[in-house]
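Trainee: I would like to learn how to read sheets, aromatic pairs and pockets in a model. Could you walk me through them with an example?
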Amino acid sequence: MTAAVLAPTGNRDLLALMGRTPLARITADLPCPQPGFWAKLEGLGVGGMKARAAVSMLRGAEERGELLPGAPVVESTSGTLGIGLAFAGQALGHPVVLVGDAELEPSMRQLLRAHGARLELVDRPAAEGGWQAARLARLRDLLERLPDAYWPDQYNNPDNHAGYASLAAELAAQLDHLDVLVCSVGTGGHSAGVVAPLRRYWPALRLIGVDATGSTIFGQPARPRLMRGLGSSIHPRNVAYEAFDEVHWVGPAEAAGACRRLARSAFVSGGWSTGAVALVSAWAARVHPGAVVATVFPDGPHRYLGSVYDDDFVAAHGLDPGTAAVRPVEIPHPRAVEATGWVRCRAVTDPLAKRAAPPIPEGTP
């Protein structure tokens with residue numbers, strides 16, 4: 001039997017704390033000298049970047065009658081959306097049950113529980129789809145046992161990207177002009193939600209997606225991934241493939257190296273997604289002289305003190321910055337070669353579309 005889930009009373013005054021995050025100018029060498037780019041510091045917002053999406057998804061479900069007053073919310077998370085949902089649950093008066101996995105950091109488990117979320121942890125990855133598929137299987141079981149429970153389905157819910165309209169509005173108010181936007185891609189929510197409003201201000205705005213090696217979002221084969229927060233083992237339907245001008249896959253050595261450089265010389269830093277987008281943003285600023293480049297740092301460094309910023313972890317996983325790429329290797333289409341390090345592709349297609357590129361040949365390095 002699943003224990004009863006008690007509903008919080010709700011405190012909508014919390015919603016006034018969401019957003020309005022600062023914009024920082026980043027001129028750190030990443031890893032080479034670069035003219036600088038702008039970074040929206042979402043890690044400094046209450047509930048983090050994904051509080052915007054979480055509040056949007058729960059409010060949308062309430063308005064449609066899909067989420068009843070005081071009913072529980074059940075979702076799968078690798079951590080960041082969990083914090084956002086814990087915030088939204090407190091603000092809107094819904095108990096939150098989160099399905100995580102054995103790789104969820106102890107500090108994140110403690111933080112989620114401290115904010116009132118109930119955690120369900122799966123202890124082994126699925127044979128196909130890895131941890132993500134295992135979490136979704138547990139989630140579906142919970143939905144059967146929790147009456148009136150609502151699943152936001154962050155990967156496919158259009159209210160996810162609608163929640164980032166406020167982020168786009170803040171960027172438009174903070175910048176006089178923008179030429180290139182760099183976004184990490186996991187559920188596809190914030191890239192889709194930010195680029196459409198910003199292109200109404202600046203129609204020629206280029207969008208660069210940043211994915212993780214081992215992620216299947218843009219047509220690469222799914223592999224076990226060390227990095228969390230970006231990438232996916234499934235194909236989220238919130239990804240606006242047609243909006244991207246190019247995609248970069250970044251490996252953990254490159255992302256960790258960028259995080260550490262940021263922490264040492266820019267003070268602001270974060271986790272895997274932050275390191276990956278910082279690396280690509282610095283590259284974009286170098287190769288597009290005079291262009292205004294901006295990105296979003298989704299979170300801060302605290303969650304990653306035992307991984308990205310831990311020397312023993314870095315050594316154990318072979319994340320030697322001396323072996324990290326300093327520029328991307330370019331491939332003609334997403335299935336031309338399997339990305340094991342920093343790779344760039346200017347052909348962006350939906351891998352589930354009928355005319356997707358052929359599979360990567362056997363034996364490709």
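Mentor: Let's start with E2 and strand E9 (residues 293-297), which pair in the parallel sense over four bridges. Strands here are DSSP runs of E with at least two residues, helices are runs of H or I with at least four, and both are numbered from the N terminus. Two strands pair if DSSP finds at least two bridges between them. This is a predicted model, in which local features need pLDDT of at least 70 and side-chain atom pairs count only at pLDDT 80 or more, while totals for chains, interfaces and linings use all residues. Residues are numbered from 1 along each chain as its sequence is written, and side-chain values use heavy atoms, with hydrogens and water left out.

Trainee: Which residue in E9 does Trp38 stand opposite?

Mentor: In general, strands of a sheet pair through backbone hydrogen bonds, either parallel or antiparallel. Here, Trp38 stands opposite Ala294 in E9, and Ala39 has Thr295 in E9 as its bridge partner. Trp38 in E2 is also the bridge partner of Arg25. Strand E1 (residues 23-26) and E2 run antiparallel and are joined by four bridges.

Trainee: Why is strand E2 largely enclosed by the rest of the structure?

Mentor: Look at accessibility: buried means under 20% relative accessible area, exposed over 50%, and partly exposed in between, using a 1.4 Å probe and protein chains only. Strand E2 (residues 37-41) has four of its five residues buried, so the rest of the structure largely encloses it.

Trainee: In what order do the eight strands of the open sheet come?

Mentor: The order is E1-E2-E9-E6-E7-E8-E11-E10, and the pairing is mixed. E1 and strand E10 (329-331) are the edge strands, each pairing on one side only. From one strand to the next, the twist averages 25 degrees. For such angles, axes are lines fitted to C-alpha atoms, for helices over the stretch in contact, and the values run from 0 to 180 degrees between N-to-C directions.

Trainee: How do the three strands of the other open sheet pair?

Mentor: Their order is E3-E4-E5, with parallel pairing. Strand E3 (73-76) and strand E5 (118-122) are at the edges with a single partner strand each, so one side of each has no neighbour in the sheet. On average, neighbouring strands of this sheet are turned by 20 degrees against each other, direction ignored. E3 is joined to strand E4 (residues 96-101) by four bridges, and Glu75 stands opposite Leu98 in E4.

Trainee: Now the rings. How many aromatic pairs are there?

Mentor: Rings of Phe, Tyr and Trp (its six-membered ring) pair if their centres lie within 6.5 Å; planes under 30 degrees apart count as stacked, over 60 as edge-to-face and the rest as tilted. By this rule there are three aromatic pairs. One of them, Tyr201 with Trp202, is tilted, at 5.7 Å centre to centre and 40 degrees between the planes. Tyr201 is exposed at 52% relative accessible area, whereas Trp202 is buried at 10%. Phe218 and Tyr241 make an edge-to-face pair, because their ring centres are 5.6 Å apart and their planes stand at 80 degrees. Both sit in the loop between strand E7 (206-212) and strand E8 (246-250), so the pair ties together parts 23 residues apart in sequence. Phe218 is buried at 1%, and Tyr241 is buried at 5%. Phe218, Tyr241 and Phe244 form one aromatic cluster.

Trainee: What volume does the largest pocket have?

Mentor: On a 1 Å grid over the protein atoms alone, a cavity is a set of points where a 1.4 Å probe fits but cannot get out, and a pocket is an open set with protein on both sides within 12 Å along at least five of seven lines; lining residues have an atom within 4 Å of a point. Grid points are joined across faces, edges and corners, and a volume is the space filled by probe spheres set on the points. The largest pocket holds about 670 Å³. It is lined by 28 residues, and Gly43, Gly45, Gly48, Asp299 and Gly300 are the closest to its centre. Helix H2 (80-92) gives the most to this lining, with five residues.

Trainee: And how many cavities are there of 30 Å³ or more?

Mentor: The search of the whole structure finds two, and the largest cavity has about 150 Å³ of space.
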